[in-house]
Amino acid sequence: MNKALTVVMWIAISAIVLVLVTVPVSLQAHLVMGATLLGAMMVIKLLKLDGNWRLLLLTFGTIIVLRYAFWRTTSTLPPIDQLADFIPGLILYLAEMYCILMLFLSLFVVVRPMPSHVSIRLPKDEPVPTVDVFIPSYNEDYELLAGTLAAARDMDYPEDRFTVWLLDDGATEAKRNHPDPEQAAAAQERHEQLQQLCADLGCRYLTRARNEHAKAGNLNNGLANSTGEFVAVFDADHAPARDFLQETVPHFGRDSKLFLVQTPHFFLNPDPLERNLRTFEVMPSENEMFYGVIQRGLDRWNAAFFCGSAALLRREALATNNGFSGKSITEDCETAIELHSRGWNSIYIDKPLVAGLQPVTFASFIGQRTRWAQGMMQILIFSFPLFKSGLSLPQRLCYLSSTLFWLFPLPRMIFLFAPFFYLFLDLQIFTASAGEFTAYTLTYVVVNLVMQNSLFGRWRWPWISELYEYIQSVHLLGALFSVVRNPYKPSFKVTAKDESVETARLSELARPFYLIFLLLILAIAMTIYKIGAEPYQAEVTMVVGGWNIFNLILAGCALGVVSERREGWGSRRVAVERRCEVRGADGNWVKAGFVNVSSGGVAVRLPNGAAGLGRGMPTSVRFTPLADNIGIDEMPVFIRSVTQENKGVIFGCRYMPERGQHYRLIADLIYANSGNWQARQSARQVNIGIIRGTIRFLGIALYQTGRGLGYLLRFGSGKVLGK
């Protein structure tokens with residue numbers, strides 16, 4: 001009976017929505033209805049009502065969005081016999097319909113995100129499962145690998161029940177026997193160094209004959225040479241906290257069909273947008289919306305997928321798929337969709353248990369996103385999720401949302417250049433008056449903002465998604481077309497992470513951003529001209545001009561993104577509160593305290609004049625590690641800076657590691673306590689609201705436009721203009 005009532009209720013609600021969407025009303029009546037629904041949404045949002053109220057807010061927003069889609073479909077397309085207007089008008093219309101489709105797919109995914117899974121522990125009376133920890137590597141720096149290996153080796157888990165493997169594709173037999181003597185010597189040196197490092201840290205070193213099938217092939221080689229019941233995967237720049245296995249392994253005991261426990265990727269350093277715009281310390285990072293909301297939404301539908309790192313997988317499940325999938329260059333998502341289609345399950349633990357590094361330069365950032373976009377397009381082509389056998393309907397929709405998302409460069413570029421058709425070519429690609437545009441389009445845009453802020457406000461500031469999409473679209477559009485032309489062409493390229501920007505400069509990918517900015521400036525000049533020359537079309541011209549100004553704001557902000565600020569190696573310091581001792585100039589140990597740590601060094605606070613130390617002096621630090629099996633030992637450091645404070649003196653020190661034990665101490669300081677990362681992440685996750693967020697974005701855009709133009713004059717006018 002209850003099921004029948006539910007069906008009747010949904011039919012009734014759908015009928016009401018259908019009537020509200022399609023009923024023909026005057027422009028004034030639509031404005032009144034839109035304002036009423038929008039007002040109700042704002043009340044629900046301001047009062048922070050949740051549960052069914054949140055669903056009601058989304059329902060009201062859906063009605064306005066569907067009314068806009070109905071109006072665009074029935075009233076705004078140019079006549080089909082006027083092909084010069086109709087073709088670009090249809091392209092713009094399809095771009096908007098794609099955005100509406102993605103809106104509804106994302107609403108389905110995140111309408112009720114899964115709450116965080118409760119931490120559980122392994123039963124004391126049951127055997128402890130064996131785990132193989134895979135760290136695939138290609139060309140990463142020795143110091144970076146040492147930190148990750150040390151952190152993995154000292155995870156809180158019985159030592160005889162897990163094995164850490166360095167899977168080295170940077171020193172394969174083929175590379176060590178390369179015809180070029182220099183390349184062969186470099187590969188041999190790497191091979192010997194990393195073998196010794198693994199021996200010092202108690203890890204296993206494994207390479208193979210040649211680099212085949214990229215990362216997937218490397219992982220599968222690890223599977224072939226190991227026997228653990230479960231496999232943990234960490235990228236070379238993703239170091240785990242001590243509690244990673246304690247937080248993930250126990251969940252497999254609850255579900256024999258569970259193949260994956262995925263955890264979020266937390267980053268110690270900013271991406272190029274955060275670094276160049278100086279937003280890293282205050283604004284949620286881009287990935288936090290995916291890991292904070294979307295993955296929890298996918299988890300609701302048993303569709304949380306493998307993200308390539310920070311995950312634990314069941315070997316038995318991988319065996320049914322012949323290991324990690326390697327048909328696409330995104331082996332992680334491809335492996336997940338294959339195993340989900342075979343009836344295996346996944347869960348997502350919303351707790352940062354690894355700390356990694358992001359690309360430092362804009363070029364590396366675009367290279368990483370190119371691989372993601374091309375790989376997801378390959379999955380869309382090879383395993384079209386909507387028709388993938390074995391998946392449930394919710395899983396089909398979830399994977400469709402995840403793959404179709406990467407088509408965003410196409411509509412983003414269409415929206416960027418659409419005003420030019422009217423301003424420069426006088427084409428009527430959107431047949432509507434200024435009043436209709438305001439009544440329908442403006443309310444649609446505002447409703448979109450309210451819905452997005454209600455769903456993602458803590459994890460994404462207003463307009464930041466548009467900026468991220470724009471800076472990627474300029475370079476990703478061609479990459480997507482190349483996949484469509486030849487789905488088998490893209491190859492796996494490792495993203496450089498251990499980089500630095502030693503001097504301020506323009507990115508080598510900056511040129512198209514400046515050229516687009518110039519075109520948008522010319523479009524503003526044309527807007528002013530058309531208003532004067534064609535006053536009878538002034539209203540429409542001003543609407544199109546306003547659209548162009550919004551594009552100009554995004555484009556101006558992007559100039560700041562490609563204006564690379566000077567900054568050293570990618571890691572940022574993390575605040576810690578732990579006691580330590582520092583060896584003074586007289587050889588005696590002085591009590592001190594850590595202020596912050598990073599992958600490159602540490603800051604310690606000492607009483608004034610207590611140690612007789614100064615800048616440029618070597619010394620040692622010792623402390624009690626969180627890992628019981630490390631033991632107290634001295635860490636050699638070099639004092640790089642001395643800062644006087646009321647509470648004492650802060651010494652900025654650089655690590656000077658000499659053996660594997662020192663890397664274990666460094667890893668214990670930086671990575672052992674995942675609580676540091678959770679606190680840092682939570683401090684940034686604040687919903688600043690639509691109005692304040694918009695004002696903040698406009699301020700950033702204005703400043704970054706000026707800074708970007710200044711960099712052009714200082715570093716690259718000839719290069720950008722092609723001279």
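Trainee: Which residue in β16 is the bridge partner of G593?
Mentor: That's R605. Keep in mind that this is a predicted model.

Trainee: Okay, and how do β15 and β16 run, parallel or antiparallel?
Mentor: Antiparallel, with 4 bridges joining strand β15 (residues 589-597) to β16. A hairpin of 3 residues connects β15 to β16.

Trainee: Which residue stands opposite A603?
Mentor: G652, which belongs to β19. Strand β19 (residues 648-655) pairs with β16 in the antiparallel sense, over 6 bridges.

Trainee: So is β16 largely enclosed or exposed?
Mentor: Largely enclosed by the rest of the structure, because 5 of the 6 residues in β16 (residues 601-606) are buried.

Trainee: New topic: what is phi for K48?
Mentor: Near 55 degrees, a positive value even though K48 isn't a glycine. Most residues other than glycine have a negative phi. K48 is in the loop between α2 (27-46) and α3 (52-75), and K48 is exposed at 74% relative accessible area.

Trainee: And what about phi of D426?
Mentor: D426, also not a glycine, has a positive phi of about 60 degrees. You'll find D426 in the loop between α16 (409-423) and α17 (434-456), partly exposed with a relative accessible area of 38%.

Notes
Residues numbered from 1 in each chain as written. Predicted model: local features only at pLDDT ≥ 70, side-chain atom pairs only at ≥ 80, totals over all residues. Heavy atoms only, no water. Buried < 20%, exposed > 50% of the residue type's maximum accessible area, 1.4 Å probe, protein only. Helix = DSSP H or I, 4+ residues; strand = E, 2+ residues; numbered from the N terminus. Pairing = 2+ DSSP bridges.
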